[in-house]
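These are my notebook entries on a single chain model, written down in the sequence in which I looked things up.

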Amino acid sequence: MTTLDLTRAYLAAYAARDLAAIEAMLADTVTLRDWKIRVAGKAAALAETRKNFEAVQHLQIDVLAAYERPGGTAAELRIVIDERDTIFVVDAFDFDAQGRIAAIRAYIGRGDDQA
């Protein structure tokens, strides 16, 4: 499985709000950073993910583009929250030697004129 395949699997699990699948993909020392928070460690990352899931009823994640580099990937995403709010995000992923996610950095963008 390539890192792009792993990235797409993670995003599918996230859209499905499948915390167990996400847990299996994360390294123990994973770091998660976005425009609001930064956490380190699998337990903290899962707690943040759980909070995100509890705050919404439905997530749709469309991968607009995906890029691969040695040891990592990036994905340009359109995320529809509860079928009414749309945000555009770029997620950058780093992977460890075992193919687990070692870091996720998320950057939010403007979506007012994007397709």
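**Entry: the cavity.** I looked up which element gives the most to the lining of the largest cavity, and it is S1, with four residues. Strand S1 covers residues 26–33, and S1 and H3 each supply at least two lining residues; helices (H or I, at least four residues) and strands (E, at least two) are DSSP runs numbered from the N terminus. The model is a predicted one, so I note that local features need pLDDT of at least 70 and side-chain atom pairs pLDDT 80 or more, while totals for chains, interfaces and linings use all residues. Residues are numbered from 1 along each chain as its sequence is written, and side-chain values use heavy atoms, with hydrogens and water left out.

The structure holds one cavity of 30 Å³ or more, and the volume of the largest cavity comes to about 40 Å³. For the terms, on a 1 Å grid over the protein atoms alone, a cavity is a set of points where a 1.4 Å probe fits but cannot get out, a pocket is an open set with protein on both sides within 12 Å along at least five of seven lines, and lining residues have an atom within 4 Å of a point. Grid points are joined across faces, edges and corners, and a volume is the space filled by probe spheres set on the points. I listed the cavity lining as Tyr10, Ile22, Leu26, Val30, Thr31, Leu32, Ala45, Thr49 and Ile104. It divides into seven nonpolar, two polar and no charged residues, where Ala, Val, Leu, Ile, Met, Phe, Trp, Tyr, Cys and Pro count as nonpolar, Asp, Glu, Lys and Arg as charged, and the others, Gly among them, as polar.

Entry: I then turned to the largest pocket, which has a volume of about 640 Å³. Among the 24 residues that line this pocket, Tyr14, Asp34, Trp35, Asn52 and Ile87 are the closest to its centre. Two or more lining residues come from each of H1, H3, strand S3 (59–69), S4, strand S5 (85–95) and strand S6 (101–109). By class, the pocket lining has 18 nonpolar, two polar and four charged residues.

**Entry: the rings.** How many aromatic pairs does the structure hold? I found four, with rings of Phe, Tyr and Trp (its six-membered ring) paired if their centres lie within 6.5 Å, and with planes under 30 degrees apart called stacked, over 60 edge-to-face and the rest tilted. Tyr14 is buried at 16% relative accessible area and Phe53 is buried at 8%, where buried means under 20%, exposed over 50% and partly exposed in between (1.4 Å probe, protein chains only).

Phe93 and Phe95 form a stacked pair, at 6.4 Å centre to centre and 25° between the planes. I find Phe93 buried at 0% relative accessible area, and Phe95 buried at 11%. Ring pairs link Tyr10, Tyr14, Phe53, Phe93 and Phe95 into a cluster.

**Entry: Thr73.** I looked up Thr73, found in strand S4 (residues 72–81), and noted that it is buried at 3% relative accessibility. Its side chain makes a polar contact of 2.6 Å with that of Thr7; a polar contact is a pair of N or O atoms within 3.5 Å, where within protein one must be able to donate a hydrogen and the other to accept it, and residues adjacent in sequence count only if both atoms are side-chain atoms. Leaving aside neighbours within four places in sequence, the residues in contact with Thr73 (heavy atoms within 4.5 Å) include Thr3, Leu4, Asp91, Phe93 and Phe95.

**Entry: backbone angles.** Most residues other than glycine have a negative phi. Arg17, although not a glycine, has a positive phi of about 55°; its place is the loop between H1 and helix H2 (19–25), and it counts as partly exposed at 31% relative accessibility. Asp82, also not a glycine, has a positive phi of about 50°, lies in the loop between S4 and S5 and is buried at 19%.
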